[in-house]
Amino acid sequence: KVISGDEEGMVFGFDLGQSSDTESDGLAVEPSGTVLRSTLPARDISISSNERQVAIATDDENIRVVSLLDMALLHTLVGHRGSVNSVAYSPDSTYLASSGCDGTVRIWDMREGDPACVQIMPKIAYVCEPGNSMEQYKVRWSPDGRMLAIPCADHSIKLVERNNWGVSALLAGRHTNTICHLAWSSNSKYLASASLDCQVVVWDVVARNAILSHANANSLCQAEWNPRGNMLAFSDCTGAMYIWDDVIPVEQGRAPPFERVVADVGSLGKDKLMSDLFDDSAAANRASEDGMDEDEDEGDLLDAGDATADAMDDFVVDDDGAGYAERQAPRWTAVAASEVQCFQPGSTPWAGSRRYLAFTMVGSVVSIAQDESHNTIEIEFYDKSVHRDFHFSDSFKFSMAALSESGCLFATTSRELANDQSLRGAADADEISVVSYKGFASWSANSDWTYKLPLKENPRCIATSSHGAAVITSLGNLRLFTCGGVQRHIETLPNRVVTCVARDDMLLIILEAPGTIRSSGGMKQLEYEYVLMSMDGQTRLAAGCCPVTPASEIVWTGFSEEGHPAACDSKGMLRVLHKYWAPSHASWVPVLDSRKLSRDRGKREGFWPVALSAKQFIVVTCQGKSKYPPFPKPILDELDIDVPLLNADTQVGQQEAKYLASRLFIEQQRGEAERTGSEYPGGASVLARDELEQDKLLLRLIQLACKSEKTQRAMDLAMMIELEKSFDAAVKIAVFLKQSSLAERLMRLRETKFASQVDND
């Protein structure tokens, strides 16, 4: 069976048979039907070993697994945060490896039920531009099923060992550009790599070095071994195909590439060491070639052996279901952090020819792909009485944007900037990035400005507000600008920044905490830190740990309409940074569990964050497994803030949650007024109104406590009351419900609590 896919998103199946032409020894190819119709180009296809399923990668973040028996969609694998460019079944179809354009490789367990992601390797592979066919790369399993080969950003190849998923070998030093394709020989001893540097290189996997190479006139895009002969076929980007005969010098004693090594499938489940593949003679040859002594080489093997220590803990396998094998808890160890994954709040991956660069309550910024020379940027505002929508031609191909009421900040990485005609002749032109600002001020004739960053310094995340703009770069530099483009501050941050966002004079920066906690099973526990500072860079308002739900990561940050810094994690928990105006008292308070809200509704839906106010979380509701807002711009939904307290399904729990949310709002407004030296928003009359509404919530709770004869609870609630007239109402409630002893205590408390106010009067 043959499966093919094209850039129109059509995936077809073909059956192979003997040609009916008696004079021909060729094969007959008959179409068997459409396997999948996609709106996006198909990038990679992998058929399971039993030829019953096919995994398909397209230019979105999901992987489709389709039955080849009836062409039905069996599974949709969700997890990648960008376009998927490669899929590969292991030889026994136990695992499926996939790689995304963000450089993340995922391993999926396909054995039974719903497939599950069992390993995530962030930023291990190339980071490439979605939709660019020239930059697509592939990950590939060895025929014996022991190793997964991954092309890396430094033009090397990492060999990842099955089950413990550790890097067992590194093949490097020959390629100078993107490795597009990898091909294993039938015996798993040789690996061929085709690259955009016009080279095809053959590696001896046992000796871990390159033994042969061939230089071509054009960039290469694919290579494949003859499964039954000593031949290698490869093709270049012009469509030409080449045959390389007698690749491996067998006469020099090297093993032919077509002697297949049958995988011991049973041993693959016991974390077979990569070192088992290397015999002593091969290790000795390697040591002599690299100038290493045997002790040094032995040390490397010992280091590699640490990765399997956890695997030996569960050596006893409960293979007959008797239940005598004790389940082992995962062991957690601290390991060096890989490259941090940054994101821009409100941005999405490409959906066809469009993507959101920014999506806030001010409006949206959409990039529309046109051709190789430019994109189109459309800026649409919600309040059209303040600003009018506009669009412009984008020759820089901006990859990120930050939108505020004062202007829009854009940035582009070096890859997108390659189409800038003014830089084509510059040295290392594709290493130059640009930051550009478009101001909305009507009184200023020309408020736009643009800066080119130094070579090899690229923006990681950006933010803007009415007080200026911020750019955090790949070198860890925080560059602060005024709205007019004046460079007013620069400092170096730890190179662990995840994202940033700004409002008025505040800049919130989220960083990954040093080190990543990883278990023997590959689970990852991310920890975060935050820094809240002024937009002029002169004041640190608060800093510390930024908590997330276990086994989750931060997916959105922003400020509430009133100025509360906020963050939402991938488990749907929304938190606000409270008392940030008093650094020693700052804390993250959970205010909404959106995933619980979805469960309570009984719907399969997700929420894509847009903005936050004191009472509501503004989101786009994504149905099913969709994770991002569609085009055209969807209608926004409002989720009521619901602090996740205990007994939330009771009347008392609901009233307590409302009171706590109200108190957070009032305290924040007071604190912000104190920090900025201004009065409470709206003045004293608005403050009195807000305090009265808060006291009304307490009075309802006091009434419920009195009805349940919980006098101590009623007393505790009364001590939280702000206004004297509200306290009088609490006394009346106690008297009306015949709680005389409580009424007497409340009267004495009233005299004490408000005595100072009487003296002042």
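Guide: Happy to! Let's begin with Phe440, which counts as buried because its relative accessibility is 14%, and buried means under 20%. Please keep in mind that this is a predicted model.

The ring of Phe440 has a partner, Phe381, and the two form an edge-to-face pair, with 5.2 Å from centre to centre and 90° between the planes. Where do Phe381 and Phe440 lie? Phe381 belongs to strand S26 (residues 375-381), while Phe440 sits in the loop between strand S30 (434-439) and strand S31 (449-452), so this pair ties together parts that are 59 residues apart in sequence. Phe381 is buried too, with a relative accessible area of 2%.

Now widen the view. Phe381 and Phe440 belong to one aromatic cluster together with Phe390, Phe392, Phe396, Phe398 and Phe410.

Another one to look at is Tyr356 with Phe359, a tilted pair with 5.1 Å between the centres and 50° between the planes. Tyr356 counts as buried at 1% relative accessibility, and Phe359 is buried with a relative accessible area of 1%.

Next, the nonpolar residues. In soluble globular proteins, nonpolar side chains tend to be buried together. In this model the largest nonpolar core has 31 residues, and those with the most contacts inside it are Val105, Ile107, Leu148, Ile150, Ile157, Leu159 and Leu191. Several strands each supply at least two residues of this core, among them S9 (95-100), S10 (105-109), S14 (157-161) and S18 (199-204). The largest share, four residues, comes from S13.

Which residues does Leu191 touch, leaving aside its neighbours within four places in sequence? Its contacts include Ala149, Ile157, Leu159, Leu171 and Leu182, and also Trp184, Val201 and Trp203. Finally, a second, separate core of 23 residues includes Tyr659, Leu742, Leu749 and Phe754.

How values were computed:
Residues are numbered from 1 along each chain as its sequence is written. This is a predicted model: local features need pLDDT of at least 70, side-chain atom pairs count only at pLDDT 80 or more; totals for chains, interfaces and linings use all residues. Side-chain values use heavy atoms; hydrogens and water are left out. A nonpolar core is a set of buried Ala, Val, Leu, Ile, Met, Phe, Trp, Tyr and Cys residues joined through side-chain atoms within 4.5 Å. Buried means under 20% relative accessible area, exposed over 50%, partly exposed in between (1.4 Å probe, protein chains only). Contact means heavy atoms within 4.5 Å. Rings of Phe, Tyr and Trp (its six-membered ring) pair if their centres lie within 6.5 Å; planes under 30 degrees apart count as stacked, over 60 as edge-to-face and the rest as tilted.
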